[in-house]
Amino acid sequence: MENNTQQKRSSFTGKIGFVLAAAGSAVGLGNIWRFPYLAAKYGGGIFLLVYVLLAVTFGFVLMLAEIAIGRKTGKSAIGAFAALDKRFSFVGWLAAAVPIIILPYYSVIGGWVMKYIFGYATGEGSEMAKDTYFTGYLGEVGEPLIWFGIFVLLTAVVVFFGVEKGIEKVSKVMMPVLIIFMLFIIVYSLCTMDGIWEGVLYYITPDFSNFSIMTVVTAMGQLFYSMSLAMGIMITFGSYMKKDISIEKSIHQIEIFDSGVAFLSGLLIVPAVFATSGGSAEALGKGPSLMFVTLPKIFETMPGGSIVGAVFFAMVFLAAITSSISLMETIISIVMDKTKLSRRVSCLIVFGIILLFGIPSSLGFNVWSEVLFFGKLSFLDFFDFISNSIMMPIVAIITCIFVGFFIKPKAILDEAALKPKSFWGRMFDIVIRFVAPIFLVAILVTSVLEVFGVIVI
Ligand code: TRP
């Protein structure tokens, strides 16, 4: 079996192929939906600053470790850890469990996006610009569930018939279009909205009085999520990477691309929230619904706003579905490897599981809105918390310790052809052995204590 997969393991062609594929999987709802609401809630410019600092240090180091582990072993997460050290194969399993938790709630958001495309296409734009529209919609039981189901079904159909390549091609073309489109909407709102510049200032100037430990905790979780780290994905990508391609350069490019899209999404959404709400803490702290509440207000004032809205959400949908496809692929390949079931049967099973697991996240906004984990987290927030704030940090901590003290940093630096004495080489060594593990443990402990209400921050 292992031999078989080895033979089938193809490589990305060309220098840019790897970067595009990895960036394509990394750019998704994490950048467009999650980043802006966290940036708005956790301090604006200070969140941005902390995020960038973490990306160039922790993000770089972890991505380097994962890609190099993958390329060195030629295997995906579970096999890769086992190949390097049998005692660590459990990390591969832990990492592999993350997509199973993420995909169901990711699809619930995907469903919201589809609803919005449909809403604009059927001329409901003005309705959608009202403050109460989104909460009203979430309060309904049936419709969000149906859109969620359609989103999972579309993802499963693509994977079932193996037509990912087609979708990827479309998304590669659409990604630059999305960026240009965003720039266009940003310029429009900067030129027309009252009070928008105050919002821009809030978003880009770090104000240390807005800093709290939660800024760091959430920025770190977001970094993992957005760059698809600490869940074995980059190990798998590395296993397909050719030996003559520079890992270091590729990582810089992926990071710039991923953070660039996140930054633009933030610039699109955060200042507009400010302008339409006068910067009230309540509006900024809206959380997961922020994008859905804010954007329709901009589109409403635009000439041809319905078309702009429909096209915009269609592009967000494309970014979301390429990510959900690769999340589902990951889960299916694990099921296939471990059960020896065929691809299609595995696909049907995974489809059923995701459908089942996603239902609570959707119902958590209506019939089960009374169910609050730790007294405050809805189902969706709870799954998001478990994966981003608990499991991913744990996987990241063990990966750092594994690389730092078992296979040793040099093994990774050699694979990446980085000199131990170079700037990035030195940074890798220090961060992976000391800074990252200590920092990550502190973050993990803080977020657990916070959610249990032991500390208030
Ligand atoms: N990074 C993706 C985003 O920003 C989400 C994601 C997390 C993902 N893990 C993944 C995508 C694994 C593909 C594969 O939306």
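In helix H16, the buried residues are Leu290, Met291, Phe292, Val293, Thr294, Leu295, Pro296, Ile298 and Phe299. The model examined here is a predicted one. With nine of its twelve residues buried, H16, which spans residues 290-301, is mostly covered.

We may turn next to the ligand and its surroundings. The shell around the ligand holds 15 residues, and those that come nearest are Ala26, Gly30, Tyr106, Tyr225 and Met231. Four helices each supply at least two residues of this shell: H2 (14-26), H3 (29-41), H12 (213-226) and H17 (305-339).

An oxygen atom of the ligand lies 3.0 Å from a polar backbone atom of leucine 29, and a polar backbone atom of glycine 30 is found 2.8 Å from an oxygen atom of the ligand. A nitrogen atom of the ligand, in turn, is 2.9 Å from a polar backbone atom of tyrosine 225. On its own the ligand has 360 Å² of accessible area, and the protein covers 100% of it. The space that the ligand takes is the largest cavity.

Two further residues, away from this description of the ligand, deserve a friendly look. Asparagine 366 is placed in the loop that runs between helix H18 (343-363) and helix H19 (379-407). Because its relative accessible area is 10%, below the 20% cut-off, asparagine 366 counts as buried. A polar atom of the asparagine 366 side chain lies 2.8 Å from the backbone oxygen of glutamate 140.

Isoleucine 100 belongs to helix H6, which covers residues 89-121. Its relative accessibility is 28%, which lies between the limits of 20% and 50%, so isoleucine 100 is classed as partly exposed. Along the chain, isoleucine 100 and valine 350 are 250 residues apart, yet their C-alpha atoms are separated by 9.0 Å.

Terms used. Residues are numbered from 1 along each chain as its sequence is written. This is a predicted model: local features need pLDDT of at least 70, side-chain atom pairs count only at pLDDT 80 or more; totals for chains, interfaces and linings use all residues. Side-chain values use heavy atoms; hydrogens and water are left out. A residue is near a molecule or strand if one of its heavy atoms lies within 4 Å of it. A polar contact is a pair of N or O atoms within 3.5 Å; within protein, one must be able to donate a hydrogen and the other to accept it, and residues adjacent in sequence count only if both atoms are side-chain atoms. Accessible areas come from the Shrake-Rupley method with a 1.4 Å probe; for residues, only the protein chains shown count as cover. On a 1 Å grid over the protein atoms alone, a cavity is a set of points where a 1.4 Å probe fits but cannot get out, and a pocket is an open set with protein on both sides within 12 Å along at least five of seven lines; lining residues have an atom within 4 Å of a point. A molecule sits in a cavity or pocket if more than half of its atoms lie within 2 Å of its grid points. Buried means under 20% relative accessible area, exposed over 50%, partly exposed in between (1.4 Å probe, protein chains only).
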